[in-house]
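Subject: Handover of a structure and its description

Dear colleague,

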Amino acid sequence: MHKPLEGIRIIEWGIFHAGPGGPAILSDMGAEVIKIEQPVSGDPVRGVSEFKNVDFNFGKESNIFFEGANRGKKSITIDLSHKEGRDIAYRLIEKCDVFFTNIRPVTVKKMKMDYETLSKVNARLIYASVTGFGSRGPEANCGGFDFQGQGKAGLMFNIGEPNMMPLLAQFGLADQATAIMASYQIVIALLMRERLGISQEVEVSLLSTVSYLMYFNNLTALLKGIEVPRHERASADPLRNYYRCEDDQWIILTDTPNSDHWETICEILGYSEMTQDTRFDSREKRLENSRELVAHFDRAFSEKPRDEWLRLFREKNIIVCAVNTTMDVINDPQMEANDYIVDYDHPELGKIRIPGFPIRFSQAELKNNIVGPKLGEHTENVLKEIGGYGDEDIEAFKKKKLL
């Protein structure tokens, strides 16, 4: 069975996650991804061993962040600060479909790895990039990480409850979303080249990604001139809310206005008499009196364990599910049944479980992976097989400290 992107070759000059995470996704789909790293030091994310007392060490010499963002890639070392190093890269780029980077634009241009330069090296090249805040405007050359993506795009004021300080979503949410968008832009550009013969430069940013996640928040602000309020559980629609159950587990319920299961929900909760109460006999009145209703529902949900509530609501076809912790998620049978969590034979750790690919194909197979390359592991093979260099050339490069 074919892999979706088999035969596509990508060369990446990227660091940390929001950038390299995109080609990692394309590697899952069968693309050959060659990662250019600085000799000796490599991608700085290789050195991330902990954050907030969380140990990220993984295997013998790497860490979770590097492996996750660079799974399935080939690592080569080239010093791009030297013209001879760039010439080596250009020779490889001639035989690639995509060049990808998330290095700051000012540095990319200085190092002559910009689109204008590389499109002359390879006229069929798709040039893809990730920036912090976009390639134009006053902050075009400002760097950014996950936190900046969440902060500048407004996400931090859209989670939590009213009057809370801005809140961060952990862990790497903006980075991973941007990585997904980076892979998406590359696939679209490849499709355009296939169908229309167009090669081009494409770009996505942390800011564009997170603000697009908040599409309806921004649309409301643009068309109505108001901020979508933060969710206040105690005063929110009681039929579109979340509740703590007897076993301290949480459940989240959603009933839409056009389906209105008010009477059924009251019956399940043991509050059938409420259906006759004139304070609650319309959706508008229930919203006006939501604080009282949420308090009633809190008491009801506290009387049975979550699994019992899930069974009762699903028997009546009410939309409901558990509110999971991360540990709950990775052990959820629904995750495993759909291969959202898969088994993997790691070369050092043996059999482990890793996140699976989120898309299911009926006529293609994927490469679920979690192994990133050792620094420079594939330099000689790539230079020989793709660049056409010989042993003497490679030894000369090493003497000049270009590799």
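A residue is called buried here when its relative accessible area is under 20%. By that criterion, 41% of the 403 residues of the protein chain are buried. Please bear in mind that this is a predicted model.

**Overall build**

The protein chain contains 17 helices and 15 strands. Along the principal axes, its C-alpha atoms occupy a box of roughly 90 × 50 × 45 Å. Among contacts with a separation of 6 or more, 67% are between residues 24 or more positions apart.

Isoleucine 10 has valine 98 of E8 opposite it.

**The three-stranded sheet**

A further open sheet is formed by three strands in the order E11-E12-E13, with antiparallel pairing. Its edge strands are E11 and strand E13 (319-323), each of which pairs on one side only. Here, neighbouring strands are turned by 20 degrees against each other on average, with direction ignored.

Five bridges connect E12 and E13 in the antiparallel sense. Leucine 253 has valine 320 in E13 as its bridge partner. Helix H13 (residues 306-315) packs on the sheet and touches E12 and E13, its direction making about 165 degrees with that of E13.

**The largest pocket**

The largest pocket has a volume of about 1800 Å³. It is lined by 44 residues, and those closest to its centre are Gln176, Ile354, Pro355, Gly356 and Ile370. The elements that each supply at least two lining residues are helix H1 (21-28), strand E4 (54-55), helix H2 (64-70), helix H7 (173-196), helix H14 (326-330) and strand E15 (350-355). H7 provides the largest share of this lining, with seven residues. By class, the lining of the largest pocket comprises 27 nonpolar, twelve polar and five charged residues.

**The second largest pocket**

The second largest pocket holds about 710 Å³ of space. Of its 24 lining residues, Asn158, Pro229, Arg230, His231 and Arg240 lie nearest its centre. Strand E11 (240-244) and strand E12 (250-254) are the elements that give two or more residues to this lining. Twelve nonpolar, seven polar and five charged residues make up the lining of the second largest pocket.

**The cavity**

How many cavities of 30 Å³ or more are there? The count comes to one. The space in the largest cavity is about 70 Å³. Its lining is formed by Asp237, Pro238, Leu239, Asp255, Thr256, Pro257, Asp260, Arg283, Arg286 and Leu287. By class, these lining residues are four nonpolar, one polar and five charged.

Yours sincerely

Key
Residues are numbered from 1 along each chain as its sequence is written. This is a predicted model: local features need pLDDT of at least 70, side-chain atom pairs count only at pLDDT 80 or more; totals for chains, interfaces and linings use all residues. Side-chain values use heavy atoms; hydrogens and water are left out. On a 1 Å grid over the protein atoms alone, a cavity is a set of points where a 1.4 Å probe fits but cannot get out, and a pocket is an open set with protein on both sides within 12 Å along at least five of seven lines; lining residues have an atom within 4 Å of a point. Grid points are joined across faces, edges and corners, and a volume is the space filled by probe spheres set on the points. Helices (H or I, at least four residues) and strands (E, at least two) are DSSP runs, numbered from the N terminus. Ala, Val, Leu, Ile, Met, Phe, Trp, Tyr, Cys and Pro count as nonpolar, Asp, Glu, Lys and Arg as charged, and the others, Gly among them, as polar. Two strands pair if DSSP finds at least two bridges between them. Buried means under 20% relative accessible area, exposed over 50%, partly exposed in between (1.4 Å probe, protein chains only). Contact means heavy atoms within 4.5 Å. Axes are lines fitted to C-alpha atoms, for helices over the stretch in contact, and angles run from 0 to 180 degrees between N-to-C directions.
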